Amino acid sequence: MTTLELPRVQVESVTLITSVARPLLINRDPSPGEVGVPIDSPLALELVDPGAAGIDANATRIWVDGVLAFDGAPVVPFAATVNQPPDGLRLVLTPAVPWPSRARVTVRVASRTVGGGNALDETYSFSVEDRVAPRLASAQAISQRHVRLTFDEPVQ
């Protein structure tokens, strides 16, 4: 047994899931509703069966913005790292190109337990960071030394 001593641990949030539904979609990164997600972030999620059956990876489908990304195996244009412990399935999907700036990305996950006894079909979304520079929409002289500039988005 190894003992690990950390000088400091900071927990930002803890969520208690008391659902008895099977299977469960947990550990999503980016999480539902997250904003400012970096454009090069992979998509990670975990399916867990709190019962004894386990997750049927071959029956698992994941769509990203309506595009099939996982169909029991990664689908181009996504690469995937798949880890399947006995009670679950952990996936890390990496898109071939970065997420579009300011995009709202929708993820749909459909899966079932081994034997098909329990099913899950869940959709969530997150928003990508703004990497598009503001554009000058208009410039108007309001005096000899002052110009009013208007941009296509709020600027500071």
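What is the strand order in the open sheet of 4 strands? I read it as β4-β3-β7-β8, with antiparallel pairing; strands are DSSP runs of E of at least two residues, numbered from the N terminus, and two of them pair if DSSP finds at least two bridges between them. The edge strands, each pairing on one side only, are β4 (67-71) and β8 (119-127).

Ground rules, noted before going on. I am working on a predicted model, where local features need pLDDT of at least 70 and side-chain atom pairs count only at pLDDT 80 or more, while totals for chains, interfaces and linings use all residues. Residues are numbered from 1 along each chain as its sequence is written, and side-chain values use heavy atoms, with hydrogens and water left out.

**Inside the sheet.** I looked up the pairing of β3 (residues 61-64) with β7 (residues 104-112) and found 4 bridges, the strands running antiparallel. V64 has V107 as its bridge partner in β7.

**E46.** This residue is in strand β2 (residues 43-48). E46 has no salt bridge, meaning a side-chain nitrogen of Lys or Arg within 4 Å of a carboxyl oxygen of Asp or Glu. The nearest side chain of opposite charge is R90, 4.2 Å away; Lys and Arg count as positive, Asp and Glu as negative, and His and the chain ends are not counted. The side chain of E46 does make a polar contact of 2.7 Å with that of N27. For such a contact I require N or O atoms within 3.5 Å, within protein one able to donate a hydrogen and the other to accept it; residues adjacent in sequence count only if both atoms are side-chain atoms.

**Salt bridges.** I get a count of 8. One of them joins D49 and R22 at 2.6 Å, N to O. D49 lies in the loop between β2 and β3, and R22 in the segment before β1 (24-29), 27 residues apart. D49 is buried because its relative accessible area is 1%, whereas R22 counts as partly exposed at 27%.

I then followed R102, in the loop between β6 and β7. R102 meets D130 at 3.9 Å and E153 at 3.3 Å, and R102, D130 and E153 are linked in a network of salt bridges. E153 is buried at 16%.

**S101.** This residue is in the loop between β6 (88-95) and β7. I noted its side chain 3.4 Å from the backbone oxygen of E129 and 3.3 Å from the backbone nitrogen of V132.

Key
Buried means under 20% relative accessible area, exposed over 50%, partly exposed in between (1.4 Å probe, protein chains only).
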